[in-house]
Amino acid sequence: MNLSKDLMAASSTPIVLGVIAEGETYGYEIVKRVEELSGGALQWTDGMLYPLLHRLEKQGYLGSRWLVGDSNRKRKYYAITDEGIAALNEQRQQWQVINNALNQIWRDMTRSDDHDVQFV
Amino acid sequence: MMSNSSNQPFELEQNIAQWREFVLRRAAILEEDADELESHLRDQIDALLERGLHADEAFLVATKRIGNLEAVSKEYAEVHAGRLWRNIVWGTDKPSWNTDFYLALLLACCAAVLFHLPKLFGVTPETHEWVFARNFTLFCLPMLGAYYVVKHQLGQRGWYWLVGASLGIATVINLMPWQAESATQSLSLIHLPLLLWFLVGVLYTGNWWQTDGRRMDFVRYSGEYAIYFVLLALGGMTLIVLTNGMFWLIGMNIEWFTHQWLLPSGVMGAVIIVGWLVEAKQGAVENMAPVLARIFTPLFTLLMLTFLVIMFVTGRSFDVERELLIGLDALLIVVLGLVLYAVSSRESNKAPSIFDRLQWLLIVSALLVDVLALVAIGGRIADMGFTANRTAAMGENLILLVSLSGYAWLYWRFIRGQRSFALLEQWQTRFIPVYAIWAAIVVFLFPLVFGF
């Protein structure tokens, strides 16, 4: 399934913040985690993740540092800040509003679907 | 980029280095961002290799997944709007500018204090000149290394390397039972800075030392470092001359202060401050150093060719004196430095130009001078036997012979359009450890073999 561009753009910030809120991590791991969470449906252009991370860092939602990982490779690790958590919570509430509204619509649709079936 | 359609094996490292260069060509993407993207690329390639893909397939898929670099760099430019101006505006938007400077200043002070510390115990440069000759590079270069351990966040392993290596070298150098006047000691001390500079290089590049691209960065860094150091030294000299003059005019002689305190502290400190300058003001010299290399390449070529012609015409070529030999070797080392830097600052995708031909001519004339020097040394060794000095000169010229021949050959193939420039870069970066190993041999083994 191909997700629309707008949807990807809108959801990337809460998703990235959410993944980093699980614990300090670096770009490649974030991409892997997102694929795993979406069952492979969310496939980003990997290069686009980094400008986003830098933007979130500039906004004060993330902090970063260079660390040498277990495989002896230097990576830039990102961790969420208090401000980031606040932003994530706000995003969460907004998305829940949309989520609830959509859920209700989906429910109504299935109900009327069932209804239709009875008529046939 | 994919060259494996022929029978050549796919060079993963080389392709990654090329890709990195391609990424860095965008003004909005800085060195550090390229590091981040490269580590992502490598993680991706590793994962794909584990799944059984071939190196070339893994590379292709991984770069594809990074995405269209044009679009990615546009995103970078949007996030970091100031960056597009970094080559024009004298300054940087890095937030760590200040902390970096204070760190460098602190380490510079440490180096200066280290230099003066022995004076407390009655060991002064006047009374114990050899003690200072042995140690003065050990006062400052490890401090420069420390700057990079902190700045590039190399962590504990970085400290182990730095402290272990510098303490080890310092102990060995100082515990050797040197004679009062010895050629091996002079040789050892001449080569010691080279060895320490290699240590700085490893710390500067961090654990990316293994990659060709980063070694090339280090060569570039060394060239820019040299230019900044000369600039700072000029400023320092002016300051000292003026200070002496001003106080002399009011009837005070303060040369004891400027020469014994100000000058050594300044030199020690400058070693670290320059390290900071090169990175903080990279945009400034980045544009100047390649121009300097281009100006001096034809001049040095002219010098060497004229010299060779005159030597042959006057028939003096087989009668090379000791002093002249030292001069020739010094010249060759400067030329090698010029070649190293010129290669590192060249964009590898550009087609061969007139400058590449000049560069080739420079290398070939250096090669001829090197052969001349080798013949002379061979003659002296045949006549008077091996000494430390002659062996060192012989070894150095042999290494230069191999290195320059490689350059000459690969440049020739490149100009003829038969080989890519990347091979030449690879030759250069893979040869760097040879210089370091040779320096280590002269520093540590020569005294054992030829006596102290």
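**Close-up views of a predicted two-chain model**

**View 1. Salt bridges between chain B and chain A.** Across the interface of chain B and chain A, the rule finds 7 salt bridges, in a model that is predicted. One of the charged pairs joins B:Glu32 to A:Lys76, with a separation of 3.5 Å between the closest N and O atoms. Polar contacts were counted as well, and between chain B and chain A they amount to 13 residue pairs, both residues being at pLDDT 80 or more.

**View 2. The side of chain B that touches chain A.** Three helices of chain B, namely H2 (31-50), H3 (55-66) and H4 (69-79), each supply at least two residues of the side that touches chain A. H2(B) gives the most to this side, contributing 12 residues. Sorted by class, the side of chain B that touches chain A comprises 11 charged residues, together with 8 polar and 8 nonpolar ones.

**View 3. Extent of the contact between the two chains.** The size of an interface is often expressed as the accessible area that is lost when the parts come together. Here chain B and chain A bury about 2600 Å² between them, and carbon and sulfur atoms account for 48% of that area. Of the area that chain B buries against chain A, 26% is supplied by B:Glu36, B:His40 and B:Arg65, which is more than any other three residues supply. The contact draws on 26 residues from chain A and 27 residues from chain B.

**View 4. Helix H8 against helix H15 within chain B.** A pair of packed helices is described by the distance between the axes and by the angle between them. In chain B, the axes of helix H8 (residues 183-205) and helix H15 (residues 388-415) come within 9 Å and cross at roughly 30°. From H8(B) the contact is made by B:Ala183, B:Thr184, B:Leu187 and B:His191, while from H15(B) it is made by B:Ala388, B:Asn389, B:Ala392 and B:Glu396. By class, the residues of this contact of H8(B) with H15(B) are 4 nonpolar, 3 polar and 1 charged.

**View 5. Chain A on its own.** The secondary structure of chain A comes to 4 helices and 3 strands, and these elements, read along the sequence, follow the pattern α-β-α-α-β-β-α. Chain A has 120 residues, of which 34% are buried. When the contacts in chain A between residues at least 6 apart in sequence are considered, 49% of them join residues at least 24 apart.

Conventions
Residues are numbered from 1 along each chain as its sequence is written. Chains are lettered from A and ligands numbered from 1 in the order in which they are written. This is a predicted model: local features need pLDDT of at least 70, side-chain atom pairs count only at pLDDT 80 or more; totals for chains, interfaces and linings use all residues. Side-chain values use heavy atoms; hydrogens and water are left out. Contact means heavy atoms within 4.5 Å. Buried area is the accessible area (1.4 Å probe) that two parts lose on being put together, summed over both. A salt bridge is a side-chain nitrogen of Lys or Arg within 4 Å of a carboxyl oxygen of Asp or Glu. A polar contact is a pair of N or O atoms within 3.5 Å; within protein, one must be able to donate a hydrogen and the other to accept it, and residues adjacent in sequence count only if both atoms are side-chain atoms. Ala, Val, Leu, Ile, Met, Phe, Trp, Tyr, Cys and Pro count as nonpolar, Asp, Glu, Lys and Arg as charged, and the others, Gly among them, as polar. Axes are lines fitted to C-alpha atoms, for helices over the stretch in contact, and angles run from 0 to 180 degrees between N-to-C directions. Buried means under 20% relative accessible area, exposed over 50%, partly exposed in between (1.4 Å probe, protein chains only).
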